[in-house]
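Please keep the sequence and the model in view while reading.

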Amino acid sequence: PPTVDGLRRSLALAVNTADALDSSGADVVVLARAGQDLSRYGIRWSHLGFAYKQPGMGDDGVEHQTWRVLHKLNTCGTDSAYLYRQGLGDFFSDDPFRYEAIAVPLRPDAAARVLAVVRNNDAARRLQEPAYSMVACPWATQYQQSNQWLIETLAYAMAPQADRRDRAQAWLRLNGYTPAMLHIGHFERLGARITRANIAFDDHPDAQRFNSEIETATADSVLNWLRRMDLAGAAFTVR
């Protein structure tokens, strides 16, 4: 259940993030939050979304630009996930481990392409797969986790011919995306699979799985790839 202090801190982070995004001059960024403590896997950020400016008409009859976040969310520990458009307040009100965010502005060409996709419901859903696993294999299409949807959708925005998940993944391979390799032992995998509907390992290659090596699309790996690809400008952190 939400607490008064948690809600206050979430909204404060949302306000500070909106101010920082306004000051950046960006129209769309890849925005990360620290929803879970993943430090034992060497991961700092847990979840990504596209934060973008949405024009709209205010009650005063004047057009305003507001920040919205398009991202994929797992439905309460089930094996399904869907896309949501939320305000920054909602995005940060999910009991974060750290009240901190990092934003990576996309460069003008990439920003224009991504904006055209994220503002269009049909285009945004093009590569959305409801079957969810928190550790989905980045080179398979059986499941899809949240950060995987984002990077596949970014691939589709940059290369319209990547209009299927396998084509988007091929484009990512060709352009040097390297997923994270998590070391998850047999008993940990077994316990997770038995007790958690939103975790599955059967889409991973047997050789890797039996060696306790699980590749997946982490927020950190996506942010690092954006920098290497020169698709983004300088990242900035908000607290």
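Helix H1 (residues 4–24) contributes three residues to the lining of the second largest pocket, the most of any element. Helices (H or I, at least four residues) and strands (E, at least two) are DSSP runs, numbered from the N terminus. The model is predicted, with local features needing pLDDT of at least 70 and side-chain atom pairs counting only at pLDDT 80 or more, while totals for chains, interfaces and linings use all residues. Residues are numbered from 1 along each chain as its sequence is written, and side-chain values use heavy atoms, leaving out hydrogens and water.

Among the residues lining this second largest pocket are Pro 1, Gly 6, Asp 94 and Tyr 99. Its space is about 180 Å³. A pocket is an open set of points on a 1 Å grid over the protein atoms alone, where a 1.4 Å probe fits, with protein on both sides within 12 Å along at least five of seven lines; lining residues have an atom within 4 Å of a point. A volume is the space filled by probe spheres set on the points.

The largest pocket holds about 960 Å³. Of its 37 lining residues, Gln 36, Tyr 132, Met 134, Arg 196 and Asn 198 lie nearest the centre. S3, H5 and helix H7 (186–195) each give two or more residues to that lining.
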